[in-house]
Amino acid sequence: MTLCGREKPRGTIKATKALRQLAAEEYDLNWKIQYSVHRVSPAIAGDMLAAFRNELEPALRKLGVKPSEDRTYLSEHLLGVPTWQPAPNWSQMLDGDWKSATLDLSLYPNMEVNKVRKMLYLKFKAWASTVRGILASRGYWADASCPITGYCMFGPPTSTTYNELESLTHMLGFQYIPIGCCGIVVHPTWGRAAYPVSFLTLAPLEELQAAIREASAAAAERVPDVRVITEARELVDGDSCI
């Protein structure tokens, strides 16, 4: 997946990951999504606040956090959840195969890549919406980045885009390949055949993990049906930037 952002020294990124990772990578067999949990670093807490400000600031006020303490609080309590999905080719996806990492998503322009990206986006959105709803019912703020718009996925957007490349490299320490002003984050196992998106929450780790388990149990009812969406003509040429 092609993402835009600023380059960071590799050694600094790896050290940050080692210090701030709270839960190692897990693979949800029901959603076919890999995720890990990290406490965000002070270096990116400010960027996250700017991108999610419209809902995040009110949530912080409810917690009694003073505006002057926002960044410090976020660097201590905001959880970042980088997610990854393997990218099958289109024929595999039509056969119900969400687990194969076959298609290089850096190929562009390419209609097959475009359609597969859209389906992976829709599956992530369904997962994130489910987890977010569970957390909201328990009083915790959560949102996700939107690969289509560059803004927040669920809350009202601000004028600031979310720097997915910088956030992923800070949290994970994965390699990326520069392409102009952007880059392709390379998954250590799936390479370029992987689709990353970040989820964020102020919930404690145990509450987040419980919500993810609950969402996993609901996957059968919520994973998008590829054939239904294809027949509804929801896969369009304009989705090329996801």
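Student: How many disulfides does the structure hold?

Tutor: The count is 0. Keep in mind that this is a predicted model.

Student: How do you know that Cys146 is in no disulfide?

Tutor: Check the distance. The nearest cysteine sulfur to that of Cys146 belongs to Cys152, and it is 8.6 Å away. A disulfide needs two sulfurs within 2.5 Å. Cys152 is in no disulfide either, its nearest cysteine sulfur being that of Cys146.

Student: What makes β2 and β3 a pair of strands?

Tutor: Pairing takes at least two bridges. Strand β2, residues 21–28, is joined to β3 by 5 bridges. The two run antiparallel. Ala23 stands opposite Val37 of β3.

Student: What lies between the strands of that hairpin?

Tutor: There are 4 residues between β2 and β3. In this hairpin Lys32 takes a positive phi near 55°.

Student: How do you know that β3 pairs with β4?

Tutor: Count the bridges again. β3 is joined to β4, residues 79–86, by 4 bridges, and the cut-off is at least two. These strands also run antiparallel. In β4, Gly80 is the bridge partner of His38.

Student: In which order do the strands of the open sheet stand?

Tutor: The order is β2-β3-β4-β8-β5, with antiparallel pairing. From one strand to the next, the twist averages 20°.

Student: What makes β2 and β5 edge strands?

Tutor: Each has a single partner strand, so one side of each is left without a neighbour in the sheet.

Student: Which strands does α8 lie across?

Tutor: Helix α8 lies across β2, β3, β4 and β8. Its direction is at about 5° to β2.

Student: Why is helix α7 called largely enclosed?

Tutor: Take its residues, 164–172. Of these 9 residues, 9 are buried, so the helix is largely enclosed by the rest of the structure. The buried residues include Glu164, Glu166 and His170. Just after α7 comes Gly173, with a positive phi of about 75°.

Student: Which residues touch the most other members of the largest nonpolar core?

Tutor: They are Trp127, Val131, Phe199 and Leu208, in a core of 43 residues. Several elements each supply at least two residues, among them β3, β4, β8 and α8. The largest share, 13 residues, comes from α6.

Student: What is Phe199 in contact with, leaving aside its neighbours within four places in sequence?

Tutor: Its contacts include Leu79, Val81, Trp127, Val131, Ala144 and Leu208. Another core lies apart from the largest one; it has 29 residues, among them Leu49, Leu56, Ala59 and Phe174.

Student: How many aromatic pairs does a search of the whole structure find?

Tutor: It finds 6.

Student: Why is the pair of Phe52 and Trp141 called edge-to-face?

Tutor: First, the centres. They are 5.9 Å apart, and rings pair within 6.5 Å. Next, the planes. They stand at 80°, and over 60 degrees counts as edge-to-face. So the pair is edge-to-face.

Student: What makes this pair a tie between separate parts?

Tutor: Phe52 is in the loop between α2 and α3, and Trp141 in the loop between α6 and β5, so the pair ties together parts 89 residues apart in sequence. Both Phe52 and Trp141 are buried.

Student: Why is the pair of Trp127 and Phe199 called edge-to-face?

Tutor: Apply those cut-offs. The centres are 5.5 Å apart and the planes are at 70°, so this pair is edge-to-face. Trp127 sits in helix α6 and Phe199 in strand β8, 72 residues apart.

Student: How do you know whether Trp127 is buried or exposed?

Tutor: Its relative accessible area is 0%. The limit for buried is under 20%, so Trp127 is buried. Phe199 also counts as buried, at 0% relative accessibility.

Student: Which residues do ring pairs link into a cluster?

Tutor: The cluster is made of Phe52, Trp141 and Tyr162.

Note on methods
Residues numbered from 1 in each chain as written. Predicted model: local features only at pLDDT ≥ 70, side-chain atom pairs only at ≥ 80, totals over all residues. Heavy atoms only, no water. Buried < 20%, exposed > 50% of the residue type's maximum accessible area, 1.4 Å probe, protein only. Core = buried A, V, L, I, M, F, W, Y, C linked by side-chain atoms within 4.5 Å. Contact = heavy atoms within 4.5 Å. Axes fitted to C-alpha atoms, helices over the stretch in contact; angles between N-to-C directions. Phe/Tyr/Trp six-rings, centres within 6.5 Å; stacked < 30°, edge-to-face > 60°.
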